[in-house]
Amino acid sequence: MQQKKRRETMTDWRHLPGLSPYLPTLAAMERHVAEMAEGRAGEAVWLLEHPPLYTAGTSARREDLVQPDRFPVFETGRGGQYTYHGPGQRVIYTMLDVGARGRDVRCFVRALENWVIATLAEFNVKGEIRPGRVGVWVTRPDRAPNADGSPAEDKIAAIGVKLRRWISFHGISINVEPDLSHFSGIVPCGIRDHGVTSLVDLGLPVTMADLDAALMATFPRFFPVDGGLRPDGFSPPSCAA
């Protein structure tokens with residue numbers, strides 16, 4: 001019996017200029033997701049920056065909001081805890097058809113993580129995943145090790161997604177050159193023992209345009225146009241732990 005060929009999926013990339021206000025952008029994203037679920041719109045990736053603000057995911061703990069009056073705080077339906085968005089941070093809203101891409105949430109999140117890691121590798125930055133810690137991390141050999149002797153590590157990217165009718169939204173944030181002091185108003189993602197970094201903080205003169213080009217170049221490795229999913233960047237796909 002001949003195997004049915006997957007329908008090709010073209011993902012539309014959109015750059016939002018300036019600083020995108022949070023609530024109108026969220027509303028626009030939700031409208032697009034609704035249109036996708038109704039078959040009236042295709043997959044999309046939006047690249048943008050927000051003004052300084054904090055968002056609370058579904059697992060956010062009130063004690064992790066250290067300075068509640070510093071910036072506006074928005075509750076959001078994505079997974080995760082508190083995170084910061086602001087100028088110099090690339091926010092990537094990923095509206096993808098996870099239903100058409102295999103209906104495997106674990107594989108989808110793995111693909112997002114490895115997409116970030118592959119993008120950072122374009123700048124010779126080794127991003128890594130840590131069990132029990134959300135996001136993408138880099139070791140800091142230039143800093144004193146932790147009290148237990150393990151290398152110091154900083155978070156460079158956050159991941160928080162939500163699915164509705166197998167359509168994903170929210171997504172990823174990668175620190176290019178934000179004001180890192182702005183993260184002190186929260187406990188980022190509930191993790192107290194590690195810091196936050198950015199590409200420029202690591203000594204790399206990377207621009208937002210540089211990062212966008214790397215994101216677009218590496219995306220098909222994990223989200224191919226055949227509508228499938230390659231969580232590890234290879235075919236056949238694997239989500240082995």
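Biologist: Which residue in β11 is the bridge partner of Asp154?

Modeller: The model is a predicted one. Strand β9 covers residues 153–164, and two bridges join β9 to strand β11, residues 195–196, with the two strands running parallel. The bridge partner of Asp154 in β11 is Gly195.

Biologist: Which residue in β9 is the bridge partner of Val138?

Modeller: Strand β8, residues 133–139, pairs with β9 in the antiparallel sense over four bridges. Within β9, the partner of Val138 is Asp154.

Biologist: How many bridges join β9 to β10, and in which sense do the strands run?

Modeller: Strand β10 spans residues 167–175. One of the paired positions is Ile159, whose bridge partner in β10 is Ile172. The strands β9 and β10 are joined by eight bridges, and their sense is antiparallel.

Biologist: Which residue in the turn of the β9 and β10 hairpin has a positive phi?

Modeller: Two residues lie between β9 and β10 in this hairpin. One of the turn residues has a phi of about 55°, and that residue is Arg165.

Biologist: How many of the 12 residues of β9 are buried?

Modeller: Strand β9 pairs with β8 over four bridges and is joined to β10 by eight. The strand is mostly covered, and the number of its residues that are buried is nine.

Biologist: Is the crossing of α2 and α3 left-handed or right-handed?

Modeller: The crossing in question is that of two axes that come within 9 Å. As α2 passes α3, the crossing is right-handed.

Biologist: How many nonpolar, polar and charged residues does the contact of α2 with α3 have?

Modeller: From α2, the residues in contact are Ala111, Asn114, Trp115, Ala118 and Thr119. They meet Leu211, Ala214, Leu215, Thr218, Phe219, Arg221 and Phe222 in α3. By class, the contact has eight nonpolar, three polar and one charged residues.

Biologist: Is Thr119 buried or exposed?

Modeller: Thr119 lies in helix α2. Leaving aside residues up to four places away in sequence, Thr119 touches Leu211, Ala214, Leu215 and Thr218. Its relative accessibility is 0%, and the cut-off is under 20%. Thr119 therefore counts as buried.

Note on methods
Residues are numbered from 1 along each chain as its sequence is written. This is a predicted model: local features need pLDDT of at least 70, side-chain atom pairs count only at pLDDT 80 or more; totals for chains, interfaces and linings use all residues. Side-chain values use heavy atoms; hydrogens and water are left out. Axes are lines fitted to C-alpha atoms, for helices over the stretch in contact, and angles run from 0 to 180 degrees between N-to-C directions. A crossing is left-handed if the near helix is turned anticlockwise from the far one by less than a right angle, and right-handed if clockwise. Contact means heavy atoms within 4.5 Å. Ala, Val, Leu, Ile, Met, Phe, Trp, Tyr, Cys and Pro count as nonpolar, Asp, Glu, Lys and Arg as charged, and the others, Gly among them, as polar. Buried means under 20% relative accessible area, exposed over 50%, partly exposed in between (1.4 Å probe, protein chains only). Two strands pair if DSSP finds at least two bridges between them.
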